[in-house]
Amino acid sequence: MVRESIVQPEPQDEPEQEVVLRPKRIAEMVGQREVVEVLHIAIDAARKRGDPLGHILFDGPPGLGKTTFATCIPREMGVSVQMASGPGLKAPKDIVPYLTNLENGSVLFIDEIHRMPKAVEEYLYTAMEDFRIDIVLGEGVNARTLNLQLRPFTLIGATTRAGMLSGPLRDRFQIREHLGFYSVAELTEILNRNANKLNVQLDANAALEISKRSRGTPRVANNRLLWVRDYALSKSDGQVTLETAQAALKMTGIDVLGLDRQDRRYIETLIRVFSGGPAGIEAIAHTMNVSSDTLVDEVEPYLLRSELIIRTSRGRCATPKGFEHVNLKPPKDRGQDIPLFPTE
Ligand code: ADP
């Protein structure tokens with residue numbers, strides 16, 4: 001197992017703040033206890049066996065810690081890591097350099113793995129299963145295939161859409177973990193730790209308020225903290241009090257549930273244009289002039305979790321709580337159409 005040559009496992013082009021705030025070790029990560037426990041056991045066993053860790057797939061909405069886990073794991077194992085991204089791997093030849101550069105036991109991280117073309121996905125099958133790939137040398141009649149043995153490695157995949165991965169690829173991951181939203185208490189802890197790292201004086205009430213308005217997502221909490229810090233510095237002495245936090249968040253359109261303008265526009269479009277639904281995601285996306293992927297990956301998960309909308313076989317519907325949140329009333333004849341309403 002390689003323990004010396006640790007490639008700096010930070011995603012490239014990451015803003016400096018993100019690098020400072022991202023936990024370096026699993027022990028520094030807050031929440032996701034079940035995932036952490038599984039990883040501890042797997043890492044411990046792999047170390048004792050002297051084998052690479054089994055392939056791992058993380059799924060869940062953006063900003064919940066998939067990349068953070070993927071950068072902490074190689075540190076725990078004392079191995080190097082290479083970072084790739086699904087959309088950047090357009091053909092099998094694009095992934096070959098990553099695979100041939102792997103060291104014994106090292107990690108290949110592929111973000112947005114569901115966005116790899118099928119041909120690349122299929123090319124990975126033998127690499128994952130037998131640590132072997134075929135490389136075609138030359139062209140036309142002179143072409144010949146070389147079967148190349150790879151060094152044993154661990155593939156870590158991250159996806160916001162586990163459902164879009166083909167069964168054969170999904171089955172080749174020994175560990176599959178779903179990352180869920182964080183509780184207010186967990187986000188408060190993350191904010192307090194990060195306020196320390198950034199040397200920001202953050203009142204307990206302000207930390208709680210920012211957590212409640214962070215959509216259960218550490219990345220959102222960090223961004224809100226950075227904005228509130230700047231606001232406090234510019235408007236007062238830099239100390240973040242409850243009042244400063246509230247004023248700063250209000251200024252950028254973050255409401256009491258933590259929804260931003262785009263989230264509210266989604267609910268308002270669903271209600272105003274589609275009478276509260278059912279409406280198809282493509283129709284909503286066209287009306288809002290936003291890609292349906294953005295809505296499905298970034299907007300809907302938290303609206304669903306907050307019971308502001310529901311997904312039915314016939315489309316998206318606003319719930320009574322959704323109507324109430326944007327101060328709109330459900331039409332009188334509404335009801336028969338909607339198969340189910342969550343009770344509050
Ligand atoms: P994803 O890859 O799922 O989109 P990231 O791993 O990039 O999300 O997380 C975004 C940011 O949120 C990280 O830079 C880190 O600062 C913070 N973060 C994520 N998960 C945790 C956690 N469990 N504990 C503390 N901070 C976290």
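The model is predicted, with local features reported only at pLDDT of at least 70 and side-chain atom pairs counted only at pLDDT 80 or more, whereas totals for chains, interfaces and linings use all residues. Residues are numbered from 1 along each chain as its sequence is written, and side-chain values use heavy atoms, with hydrogens and water left out.

The secondary structure of the protein chain comprises 14 helices and nine strands; here helices (H or I, at least four residues) and strands (E, at least two) are DSSP runs, numbered from the N terminus. The C-alpha trace spans about 70 × 50 × 35 Å along its principal axes. Of the 344 residues, 50% count as buried, where buried means under 20% relative accessible area, exposed means over 50%, and partly exposed lies in between (1.4 Å probe, protein chains only). Among contacts (heavy atoms within 4.5 Å) with a separation of 6 or more, 68% come from residues 24 or more positions apart.

The domain assignment gives domain 1 (16-178), domain 2 (184-251) and domain 3 (261-325); such bounds come from an automatic or database domain assignment. The C-alpha centres of domain 1 and domain 3 lie 33 Å apart. Even so, four residues of domain 1 are in contact with five residues of domain 3.

Next comes the interior. A nonpolar core is a set of buried Ala, Val, Leu, Ile, Met, Phe, Trp, Tyr and Cys residues joined through side-chain atoms within 4.5 Å. The largest such core has 49 residues, of which Leu39, Phe58, Ile73 and Leu202 touch the most other members. This core lies between domain 1 (16-178) and domain 2 (184-251), because both give residues to it. A second, separate core holds 25 residues, including Ile113, Tyr123, Phe153 and Leu165.

On a 1 Å grid over the protein atoms alone, a pocket is an open set of points with protein on both sides within 12 Å along at least five of seven lines, in contrast to a cavity, where a 1.4 Å probe fits but cannot get out; lining residues have an atom within 4 Å of a point. Grid points are joined across faces, edges and corners, and a volume is the space filled by probe spheres set on the points.

The largest pocket contains about 1000 Å³ of space. Its lining has 43 residues, with Glu18, Arg22, Gly63, Thr67 and Arg219 nearest the centre. Among the elements that each supply at least two lining residues are helix H1 (16-21), strand E2 (81-85) and helix H9 (218-235). The lining divides into 15 nonpolar, twelve polar and 16 charged residues; Ala, Val, Leu, Ile, Met, Phe, Trp, Tyr, Cys and Pro count as nonpolar, Asp, Glu, Lys and Arg as charged, and the others, Gly among them, as polar.

The second largest pocket has a volume of about 360 Å³. Of its 18 lining residues, Pro62, Arg215, Thr217, Val220 and Glu298 lie nearest the centre. H9, helix H11 (261-272) and H13 each give two or more residues to this lining, and the largest share, five residues, comes from H13. Seven of the lining residues are nonpolar, four polar and seven charged.

Some backbone details also deserve a look. Most residues other than glycine have a negative phi, and most peptide bonds are trans. Arginine 215, however, has a positive phi near 50 degrees. Arginine 215 sits in the loop between helix H8 (204-212) and H9 and is buried, with a relative accessible area of 8%. Glutamine 32, in the loop between H1 and helix H2 (33-49), likewise has a positive phi near 50 degrees, and is buried at 13% relative accessible area. A cis peptide bond joins glycine 277 and proline 278, with omega about 5 degrees; proline 278 lies in the loop between H11 and helix H12 (281-288).
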